[in-house]
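Subject: The structure we talked about

Hello,

Here is the structure I promised to pass on to you. Have a look at it first, and then read on for my notes.

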Amino acid sequence: MTIMLCAGEASGDLHASELIRAIRAQRPDCRFVFLGGDLMAEAAGCKPVIHYQQMAYMGFADVVAHLPQVTRNLNVAYSLLRRQRPDALVLVDYPSFNLRLGAEACRLGIPVYYYIAPKVWAWKEHRTKTIARQCRRVFGIFPFEPAFFQSHGYDRCVYVGNPSVEEIDRRLAAAPSPDEFRRLHGLPDKPIIAIVPGSRVGEIRRNLPIMLEAVRVLRSKFQAVIAGAPGIDRSLYDCGSTPVVFDATTELMHAAAGAIVTSGTASLEAALAAVPQVVCYRHTGSRMLYAVMSRVLKIPYVSLPNLIARRQVVPELLLHKCTPIEVLRHLINVLPGHRGHDAQLRGYADIRRALGTTSAAATSARLLLSDLS
């Protein structure tokens, strides 16, 4: 049996690597071909046909600027489908690219599955029809996704658990104590504020300066430490004396008294690591974009912790509301000893209960292999 997978960014590489391991545990003779990263390569025992670093273009402007590369990547992926004729294609998030690839697989009669579906419940709801047309099954990682898809006439989405729960717990079990973390990274003996500015160049450039300015007045009592994203040039984090740690975001969160996090998967990881946080998302043309987003988005919140809890657990400072003063004000409120701290931790406990403890990768592997048998 041959399974092809496509993941277009770092988080997809991580989650897809766990799925590969789970499939291999249940079907040792399975062969994999994929577009992805180093973690998938380690799990599959072979190199990616295209590395996600050549694919991680997000947003209209970024895609247009790299259109020749995007077109080449699609053509390589189409050719791979035709040559390999895999028994299944597993798409991992990255919808603009993956839905095109899924259409080609359908044309070739190759079964398509989605693991970590696009956030169609937030925006671009029309993609629900495309997913329903293409996919034999959707393996949802949020508890509310099956009901959402069913309300749109698609009853083949199943909640398999959230992969971040298992991944974060595994890392936390091996994480050093805050004192050990500071020693390992040569940091002063002072409480840490984790700065987690995202995994893409654009969002790092927009959010990191706001985050650093917000914590500047706290530096007599706290130290800021930046979480470096994989595959990002270190020069992007050249922020004077602020230290940067790579490949240790969970460990940094575990060691921190508080965190400022760019909206995305990292906000859920911070909640699972039980670090008090403020969620930010700065963008160019912010006030106008905020007005547009307020009409386009179909959800009451943007951050994953709030969506899962179905109430505001973490402050969301979006677009023009994301200013150093506001970030600082909300951060102080959730730090230990302040009014919002315990309330946020209670919200984190509710999030864990909602997500459950099911292994997303193992469950998805079992359902996929059963469907193909």
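Contact here means heavy atoms within 4.5 Å. Keep that in mind, as it comes back several times below.

A word on the source: this is a predicted model, in which local features need pLDDT of at least 70 and side-chain atom pairs count only at pLDDT 80 or more, while totals for chains, interfaces and linings use all residues. Residues are numbered from 1 along each chain as its sequence is written, and side-chain values use heavy atoms, with hydrogens and water left out.

Helices (H or I, at least four residues) and strands (E, at least two) are DSSP runs, numbered from the N terminus. Two strands pair if DSSP finds at least two bridges between them. In general, strands of a sheet pair through backbone hydrogen bonds, either parallel or antiparallel.

Strand β6 (residues 135-140) runs parallel to β7 and is joined to it by 3 bridges. If you want to find one of these places, G140 has Y159 in β7 as its bridge partner.

V196 stands opposite V261 in β11.

Which residues of α15 are buried? They are V327, L328, H330, L331 and V334, where buried means under 20% relative accessible area, exposed over 50% and partly exposed in between (1.4 Å probe, protein chains only). These buried residues pack against β8, α10, β11, β12, β13 and α16 (339-355).

Helix α10 (residues 201-215) holds N207. Because its relative accessibility is 0%, N207 counts as buried. Leaving aside neighbours within four places in sequence, N207 is in contact with P197, T262, C280, Y281 and R282. I210 also lies in helix α10, and it counts as buried because its relative accessibility is 16%. With neighbours within four places in sequence again left aside, I210 is in contact with R282, C322, T323, P324 and V327.

S263 sits in the loop between β11 and α12. At 17% relative accessibility, S263 counts as buried. Not counting residues up to four places away in sequence, S263 touches V279, C280, Y281, V302 and S303.

Helix α12 (residues 265-272) packs with α16 at an angle of about 105 degrees, and their axes are 9 Å apart. That makes α12 roughly perpendicular to α16 (angles under 35 degrees count as roughly parallel, over 145 as roughly antiparallel, 65 to 115 as roughly perpendicular and the rest as oblique). The contact involves L268, A270, A271 and L272 of α12, with Y348, I351, R352 and L355 of α16.

Now for the nonpolar cores. A nonpolar core is a set of buried Ala, Val, Leu, Ile, Met, Phe, Trp, Tyr and Cys residues joined through side-chain atoms within 4.5 Å. The largest has 80 residues, and those with the most contacts inside it are L5, L101 and Y115. Helix α17 (residues 360-372) gives the most to this core, with 6 residues. Apart from it lies another core, of 29 residues, among them I193, C280, C322 and V334.

Finally, how many disulfides are there? With a disulfide taken as a pair of cysteine sulfur atoms within 2.5 Å, the count comes to 0. C6 is in no disulfide, and the nearest cysteine sulfur, that of C135, is 13 Å away. The sulfur of C46 is too far for a bond, because the closest cysteine sulfur, in C30, is 11 Å from it.

Enjoy exploring!

Methods:
Axes are lines fitted to C-alpha atoms, for helices over the stretch in contact, and angles run from 0 to 180 degrees between N-to-C directions.
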